[in-house]
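Please read this note with the structure open beside you. The points below are numbered so that each can be checked in turn.

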Amino acid sequence: DDPADAAGAYRILVENLTWIDPDEAERLLASGEEWTTPLASGADAYIREERGMLMLARHEYDRAVALLSGARVDGLGTALDRPDIRGPRTFLVVAHLLRGDAPAAATALDHTLVRQHMSGWPSYIVSYLRALIAAVRGDLSVARAQIAEAVAVVRHWKIPLGLADCVVGCAVIAFHSGDLPRAAELFGAVYAATGGGLRTPMSMAVYRHYVRAVHAKLDREARAHARAAGAELSLEAALDRELGTSLGR
């Protein structure tokens with residue numbers, strides 16, 4: 001058997017289990033050397049990156065930052081500076097963001113953009129992250145403008161799950177504006193459309209963090225009402241309502 005094939009399958013399994021069964025993902029990471037040693041130069045960096053993602057899934061953001069800050073190029077094709085929305089630098093932006101450190105998230109994003117050039121459809125991720133950073137800072141008008149930019153790119157390139165990311169962004173803005181029922185309703189729309197399976201690990205981390213935060217502040221009846229209302233909204237309808245536009249259609 002090709003060691004590269006085995007390592008690739010291992011990676012897919014770990015990444016999926018991170019969100020489904022974190023304990024099993026942890027067990028597999030503990031045996032990672034067995035699967036990644038054939039690829040030599042990148043095994044340690046790969047394990048470190050995946051542990052960072054696992055800490056994001058477990059809401060342990062300080063540990064995620066420590067792990068992801070030390071990520072390096074690895075032999076499995078994951079480079080610190082690769083032009084990819086799944087790269088560890090993007091995860092680091094999110095880790096800073098979810099622990100409430102918007103300045104550090106902005107700095108990490110700026111550093112990423114110096115080293116990467118995102119054009120075409122991946123560029124919506126930049127606007128999306130900028131929107132989240134602005135929301136955490138309380139710059140809600142900037143956040144909405146950035147989400148509108150992300151929506152325009154997503155609609156131009158016809159990225160269905162990118163729409164879900166943008167609705168999550170709108171929910172984060174609603175949360176930071178203090179409108180918890182609205183945030184819960186938007187998360188309900190995302191769940192109805194995706195079943196809670198977002199496009200990337202980055203998106204999953206943001207979605208799960210803020211759903212948890214909303215649930216901690218709303219009682220069960222309010223959450224159920226909001227989720228039912230959200231289930232009646234398509235992603236497109238939710239974006240049109242939140243942004244007041246059919247931008248990019």
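1. Arg58 forms a salt bridge with Glu26, and their closest N and O atoms are 2.6 Å apart. Distant parts of the chain are linked here: Arg58 sits in the loop between H4 and helix H5 (61-69), while Glu26 sits in helix H2, 32 residues apart. Arg58 is partly exposed, at 25% relative accessibility. Please keep in mind that this is a predicted model.

2. Glu26 has another partner. A salt bridge joins Glu26 to Arg51, with the closest N and O atoms 2.6 Å apart. Glu26 belongs to helix H2 (residues 22-30) and Arg51 to helix H4 (residues 43-57), so this pair ties together parts that are 25 residues apart in sequence. Glu26 is partly exposed, with a relative accessible area of 25%. Arg51 is partly exposed too, with a relative accessible area of 25%.

3. What links Asp23, Glu26, Arg51 and Arg58? They are joined in a network of salt bridges. In general, side chains of opposite charge can pair when their charged atoms come close.

4. Look next at Glu60. Glu60 forms a salt bridge with Arg63, the closest N and O atoms being 2.9 Å apart. Glu60 counts as partly exposed, at 29% relative accessibility. The structure has 11 salt bridges by count.

5. How many residues does the largest nonpolar core have? There are 82. Leu56, Tyr128, Leu129, Ile133, Val168, Phe187 and Val206 have the most contacts inside this core. Helix H10 (residues 160-177) gives the largest share of the core, 11 residues.

6. Take Ile133 from that list. Setting aside neighbours within four places in sequence, Ile133 is in contact with Val93, Leu97, Ala102, Ala105, Ala106 and Leu109.

7. How many disulfides does the structure hold? The number is 0. Cys166 is in no disulfide, and the nearest cysteine sulfur, that of Cys170, is 7.2 Å away. The cut-off for a disulfide is 2.5 Å between the sulfur atoms. A disulfide is a covalent bond between the sulfur atoms of two cysteines.

8. Are these cysteines buried or exposed? Cys166 is buried, with a relative accessible area of 0%. Cys170 is buried as well, with a relative accessible area of 5%.

9. Now follow helix H11. H11 covers residues 180-194, which is 15 residues. From the first C-alpha to the last, H11 reaches 21 Å, close to the 21 Å expected at 1.5 Å a residue.

10. Consider the two ends of H11. At the start, a side-chain oxygen of Asp179 reaches to within 3.2 Å of the backbone nitrogen of Arg182. After H11 comes Gly195, whose phi is positive, near 70°.

11. Which residues of H11 are buried? They are Leu180, Ala183, Ala184, Glu185, Leu186, Phe187, Gly188, Ala189, Val190 and Thr194. What do the buried residues of H11 pack against? Their partners are H10, helix H12 (201-217), helix H13 (220-231) and helix H14 (235-243).

Terms used: Residues are numbered from 1 along each chain as its sequence is written. This is a predicted model: local features need pLDDT of at least 70, side-chain atom pairs count only at pLDDT 80 or more; totals for chains, interfaces and linings use all residues. Side-chain values use heavy atoms; hydrogens and water are left out. A salt bridge is a side-chain nitrogen of Lys or Arg within 4 Å of a carboxyl oxygen of Asp or Glu. Helices (H or I, at least four residues) and strands (E, at least two) are DSSP runs, numbered from the N terminus. Buried means under 20% relative accessible area, exposed over 50%, partly exposed in between (1.4 Å probe, protein chains only). A nonpolar core is a set of buried Ala, Val, Leu, Ile, Met, Phe, Trp, Tyr and Cys residues joined through side-chain atoms within 4.5 Å. Contact means heavy atoms within 4.5 Å. The expected span of a helix is 1.5 Å times one less than its number of residues. A polar contact is a pair of N or O atoms within 3.5 Å; within protein, one must be able to donate a hydrogen and the other to accept it, and residues adjacent in sequence count only if both atoms are side-chain atoms.
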